[in-house]
Amino acid sequence: MVTGAGSGIGAEIAEHFAESGASIVLTELPESLENAEIEAERLQRLYGVEVLCKPLDLRSVEDIERCVRSIEEQVESIDILINNAGVNLLSPALSLSEEQWDFVVDINLKGTFFLTREVAKTMVRHKRGSIIMIASHDGVVGSENHAPYSASKAGLIHLTRSLAAEWAKHGIRVNAVSPTFVITDANEQVMDDPQFRRTNLPRIPLRKFAVPEDIANSVLFLATDSASMITGHNLVVDGGWTVV
Ligand SMILES: NC(=O)c1ccc[n+]([C@@H]2O[C@H](COP(=O)([O-])OP(=O)(O)OC[C@H]3O[C@@H](n4cnc5c(N)ncnc54)[C@H](O)[C@@H]3O)[C@@H](O)[C@H]2O)c1
């Protein structure tokens, strides 16, 4: 199950799982569900795997519970959950409103937790599961104008450790992947901006931004039995941003 799978990193993760033969559930905001449905048809055709599409808005715990129940009616088990959906909003902390704070933290941290809780209930019944949070380098180091985003992603990284400790006895592994800037269709223009490149590339020792495939490869590794001894880990995919 991949959240926010209609575009960007989520779509690439879904493609990697489909390519490796997994049946997948894609979730997307109701207003963007069409993107996920087009993607689902393409993956089904290309890889011959089963792909379900479900509307999901992480701002509503009721919606989360309804979505997981509806998936459970159609599939035997959810073995892997990729919490990819997330939002960002840039604002100086001094002028940040309560509404802006809630928007980011409610989706990135609160909604992600409640979805994880619902899916974990089914994993507990099957005595196995692998959960991956897509966090960020902003959850590891601080950066200007990112207060709610950084706080929510740091929260996700530590939530990963807590849940890993709590659910290991159920055969559930919980890990995080923390990317640096990733070039996607949505942000390609910003990443190409000379000023943006001048400011940010020198902070990355490998001197390049990530591509969605870098993230999908790491997620696939952590999700499968190749990483059967790894839980509670935050795999930082940042070209070295956080080590200097
Ligand atoms: N692109 C980057 O540079 C970068 C860097 C570090 C981390 N990340 C993280 O990677 C993840 C994917 O980012 P992306 O660049 O592909 O962005 P994106 O905007 O293309 O994808 C985010 C997805 O989340 C979905 N979403 C938004 N609000 C939602 C809600 N309320 N409920 C359910 N789904 C919702 C969107 O519809 C979209 O499909 C995010 O968690 C982001 O924070 C991205």
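Helices (H or I, at least four residues) and strands (E, at least two) are DSSP runs, numbered from the N terminus. The points below use these elements.

1. **Basis of the model.** This is a predicted model, in which local features need pLDDT of at least 70 and side-chain atom pairs count only at pLDDT 80 or more, whereas totals for chains, interfaces and linings use all residues. Residues are numbered from 1 along each chain as its sequence is written, and side-chain values use heavy atoms, with hydrogens and water left out.

2. D63 and R66 both belong to helix α3 (residues 61-74), where they are three residues apart, about one turn of the helix. An α-helix has 3.6 residues a turn, so residues three or four places apart point the same way. The side chains of D63 and R66 form a salt bridge at 3.0 Å, N to O; the term requires a side-chain nitrogen of Lys or Arg within 4 Å of a carboxyl oxygen of Asp or Glu. Burial is judged by relative accessible area: buried is under 20%, exposed over 50%, and partly exposed in between (1.4 Å probe, protein chains only). D63, at 15% relative accessibility, counts as buried, while R66, at 43%, counts as partly exposed.

3. **From α3 to α4.** R117 and E65 also meet through their side chains in a salt bridge (3.2 Å, N to O). Because R117 lies in helix α4 and E65 in helix α3, the pair ties together parts that are 52 residues apart in sequence. R117 is partly exposed, with a relative accessible area of 27%, and E65 is partly exposed at 26%. R117 has a salt bridge to E118 as well (3.0 Å, N to O), and E118 is buried at 11% relative accessibility. A network of salt bridges links E65, R117, E118 and K121. By the stated rule, the count comes to nine salt bridges.

4. **T122 in helix α4.** T122 is part of helix α4 (residues 98-126). What surrounds this residue? Not counting residues up to four places away in sequence, T122 touches V68, E72 and I78, contact being heavy atoms within 4.5 Å. T122 is buried, with a relative accessible area of 3%.

5. **Helix α1.** Helix α1 (residues 8-19) has 12 residues and spans 17 Å from its first C-alpha to its last, close to the 16 Å expected at 1.5 Å a residue; the expected span is 1.5 Å times one less than the number of residues. Nine of the 12 residues of α1 are buried, among them I9, I13, E15, H16 and F17. The cover over the buried residues of α1 includes β1, α2, β3 (80-83), β4 (129-134) and α8 (212-223). After α1 comes G21, whose phi is positive, near 95 degrees.

6. **Nonpolar cores.** A nonpolar core is a set of buried Ala, Val, Leu, Ile, Met, Phe, Trp, Tyr and Cys residues joined through side-chain atoms within 4.5 Å. Which members of the largest core touch the most other members? Of its 28 residues, these are I13, I215 and V219. At least two residues of this core come from each of α1, β1, α2, β2, β4 and α8. Leaving aside neighbours within four places in sequence, I13 is in contact with V2, I82, N84, I134, A216 and V219. A second, separate core of 27 residues includes L52, I78, V119 and A164.

7. **Strands β1 and β2.** Strand β1 (residues 24-28) pairs with β2 in the parallel sense over five bridges, where pairing requires at least two DSSP bridges between the strands. L26 has C53 as its bridge partner in β2. Four of the five residues of strand β2 (residues 51-55) are buried. Together, β1, helix α2 (residues 33-47) and β2 make a right-handed β-α-β unit; right-handed means that, with the strands pointing away from the viewer, the path from the first strand over the helix to the second runs clockwise.

8. **Strand β5 and its partners.** Eight of the eight residues of strand β5 (residues 172-179) are buried, so β5 is largely enclosed by the rest of the structure. I172, V174, A176 and S178 point one way from β5, and R173, N175, V177 and P179 the other way. β4 and β5 run parallel and are joined by six bridges, with V174 in β5 the bridge partner of I131. The chain crosses from β4 through helix α5 (residues 147-167) to β5 in a right-handed β-α-β crossover. β5 is also joined to strand β6 (residues 234-237) by four bridges, again in parallel, and S178 has V236 as its bridge partner in β6.
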